[in-house]
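Please open the model in a viewer and keep the selection panel at hand.

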Amino acid sequence: MNQEEKKRVDSADRQARESDDLNQVKHLLRQAMPPVPQEQLNPRTDLWPQLRARIESQLTADQASINPSSSSIRIRVHWFDWALAALAAATLIFFPGIIPSLLYHF
Amino acid sequence: MDLQQRFVAGDLEAFEQLFRDHQRQVYAWIVRIVRDSASAEDLTVETFWRIYRSRSLFRADGNFSAWSHRIATNIALDHLRKSRRETELPDNLLAPLAPDPAISSEMRARIRSAFVNLPPKYRLVATLALIEDAPYEEIAAAAGITVALVKVRVFRATRMLRKQLRSLSVETGAQS
C-alpha cells in the first residue's frame, strides 16, 4: 500500500468513526430529550393580546415623552453634579474678585 | 400598498396580520430550541415586539419569515445563555417515543445534565441538528452563520458531549 492509498484509507476510517460518534450521541440525546411532539408546536393561547398591550403601553409612553405637559417627568441629577454646582456657587460668593477674570476668559 | 409595506409604515393591523401568519412558525422554532412552552411563548412575544420596534430596518420586499427566524434565534440563544444553570426540561418532553431499554432513566438524567452544560451556541446547533433533525441550511440561515460553521459546531458539540458523558460514566456505544 503506497502513501497515498494509506492516507485515503485513514481519512475514510476517520470519517466512519466520526459518523459513528455522531449517530451514537444523536441516539442518546434523542432518548434523553426526544424531539418536541408535533402537537406541542403551537402556542397554548393567543399571544396577540399580550403583544398588543405591550405595543400600546409603549405608544402611550412615547406620546408622554413628546408632550411633557400631559405627564410629570422628573429629571434626575446626579449628586456629584449638585456638589459641583454648590462648589462653583460658593467660590463665586466667597471670592467675588474672580468674576471679572472669568468674564474676561469667557 | 401590500402587507409588508404597510407594516414598515407602522400600520398595526398589517402587523397583526403578519403576526398571525408567522407566529406558529416562530413559536415552533423557539420551542424546539428552549424546550419549554411557557418560555417559548414569552420569547415569541419578545421576538415580535423586537420585530415591531425595528420595522424601519426591514425592507418591504424582504423575506419576513427569514428575518423573524433570525431574530427568534438570537432571542432564544440569549435565553439559553441566561438560564444555562437552571434549565429543567418539562416532564411532557422527556418521554421518548420508542424508549431504548439499554438506557436507564438515571442515564437519561446524566445525558440531560451533560447537554445543559454545553456552551449555548453549541447547544443551539446540537438541539436543532441532532434532536430536531433540522436541515443544516435552515440552522445556518437562522443563526446567521455558514453551513460549514454549523457542521463544525455539531462536530465539536458531539465531541464535548462524548467527553462529558464518559466523565459521567455513560457508555456512548449503547446504541441498539
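Two residues are taken to be in contact if their C-beta atoms, placed from the backbone, lie within 7 Å. Helices (H or I, at least four residues) and strands (E, at least two) are DSSP runs, numbered from the N terminus. This is a predicted model, in which local features need pLDDT of at least 70 and side-chain atom pairs count only at pLDDT 80 or more, while totals for chains, interfaces and linings use all residues. Residues are numbered from 1 along each chain as its sequence is written, and chains are lettered from A and ligands numbered from 1 in the order in which they are written.

**Helix H8 of chain B**

Select residues 147–167 of chain B. This is helix H8, whose 21 residues reach 30 Å from first C-alpha to last; the expected span, 1.5 Å times one less than the number of residues, is also 30 Å. Which residues of H8(B) are buried? They are B:Val150, B:Arg153, B:Val154, B:Ala157, B:Thr158, B:Leu161 and B:Leu165. A residue counts as buried if 20 or more other C-beta atoms lie within 10 Å of its own, as exposed if 12 or fewer do, and as partly exposed in between, with C-beta atoms placed from the backbone. Now display what covers them: the cover includes H1 of chain A, together with helices H5 (105–116), H6 (120–131) and H7 (136–143) of chain B. On the face turned away from the buried side, look for the exposed residues B:Ala148, B:Lys163, B:Arg166 and B:Ser167.

**Between the chains**

Next, colour by chain. Contacts join 27 residues of chain A to 39 residues of chain B. On the chain A side, helices H1 (3–32) and H2 (48–66) are the elements that give two or more residues, and H1(A) gives the most, with twelve. By class, this side of chain A has 15 nonpolar, seven polar and five charged residues; Ala, Val, Leu, Ile, Met, Phe, Trp, Tyr, Cys and Pro count as nonpolar, Asp, Glu, Lys and Arg as charged, and the others, Gly among them, as polar.

Then select A:Pro35, in the loop between H1 and H2 of chain A. A:Pro35 is partly exposed, with 19 other C-beta atoms within 10 Å. Not counting residues up to four places away in sequence, A:Pro35 touches A:Arg30, B:Ile131 and B:Glu132.

**Two loop residues of chain B**

Move to B:Asp133, in the loop between H6 and H7 of chain B. Although not a glycine, B:Asp133 has a positive phi of about 55°. Is B:Asp133 buried or exposed? B:Asp133 is exposed, with 10 other C-beta atoms within 10 Å.

B:Arg35, in the loop between H2 and helix H3 (37–53) of chain B, has a positive phi of about 60° and is likewise not a glycine. B:Arg35 is buried, with 23 other C-beta atoms within 10 Å.

**Confidence in chain A**

The mean for chain A is 85, and 92% of its residues reach 70 or more. Confidence in chain A is lowest in H1(A), at a mean of 84, and highest in helix H3 (residues 79–94), at 94.

Notes: pLDDT is the predictor's confidence in each residue, from 0 to 100.
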